[in-house]
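Subject: Structure handover

Dear colleague,

Here is the structure, with its sequence, for your files. My notes on it follow below.

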Amino acid sequence: MSEFFDREKDKSFTRVYKKNTPDILEKFAAFDEAVFQEAGREIPIKYRELIALAVGISTQCVYCIDAHSQKALKAGASDVELAETAWVATAIRAGGGFAHGRLAFKLSGAAHEH
């Protein structure tokens with residue numbers, strides 16, 4: 001996916017949202033702003049940015065990884081925290097594969113009965 005990533009040029013396509021669904025874009029922007037406002041939340045912004053980074057890594061969203069790694073650093077995260085965040089995301093993604101792999105045994109049970 002990263003071969004399609006162009007930090008500056010890709011932003012220009014927001015115009016399609018602005019033209020066709022400005023009401024939804026406005027509500028999304030307000031929602032995102034509320035989630036990531038610096039003050040007034042129980043979870044400090046640094047940790048919210050690290051959570052967002054972990055989700056971006058696990059969903060393999062290069063845009064999220066780009067934005068939230070930079071924002072986490074700006075909020076005071078260290079390289080060690082970025083590394084541990086990446087490992088947490090990796091463990092959860094691998095754990096999901098392990099856990100869902102068990103479903104193959106469960107769901108193939110009918111085939112074993114025949």
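Is Ser-69 buried or exposed? Ser-69 counts as buried because its relative accessibility is 19% (buried is under 20% relative accessible area, exposed over 50%, partly exposed in between, with a 1.4 Å probe and protein chains only).

Before the rest, two remarks on the source. This is a predicted model, in which local features need pLDDT of at least 70 and side-chain atom pairs count only at pLDDT 80 or more, while totals for chains, interfaces and linings use all residues. Residues are numbered from 1 along each chain as its sequence is written, and side-chain values use heavy atoms, with hydrogens and water left out.

Surroundings of Ser-69

Ser-69 sits in helix α5, residues 62–74 (helices are DSSP runs of H or I with at least four residues, numbered from the N terminus). Leaving aside residues up to four places away in sequence, Ser-69 touches Leu-53, Cys-64 and Leu-82 (contact means heavy atoms within 4.5 Å). Leu-82 is 13 residues from Ser-69 along the chain, and their C-alpha atoms are separated by 7.3 Å. The Ser-69 side chain also reaches the backbone oxygen of Ile-65, at 2.6 Å.

Helix α4 with α5

The axes of α4 and α5 come within 8 Å and cross at roughly 155 degrees (axes are lines fitted to C-alpha atoms over the stretch in contact, and angles run from 0 to 180 degrees between N-to-C directions). The two helices are therefore roughly antiparallel (angles over 145 degrees).

Gln-60 lies in the loop between α4 and α5. Gln-60 is not a glycine, although its phi is positive, at about 60 degrees. With 53% relative accessibility, Gln-60 counts as exposed.

Helix α4 with α6

Helix α4 (residues 45–59) and helix α6 (residues 79–107) have axes that come within 9 Å and cross at roughly 45 degrees. That makes α4 oblique to α6 (oblique is whatever is left after under 35 for roughly parallel, over 145 for roughly antiparallel and 65 to 115 for roughly perpendicular). Residues meeting here include Leu-53 in α4 and Leu-82 in α6.

Regards

Technical notes: Polar contact = N/O pair within 3.5 Å; in protein donor to acceptor, adjacent residues only side chain to side chain.
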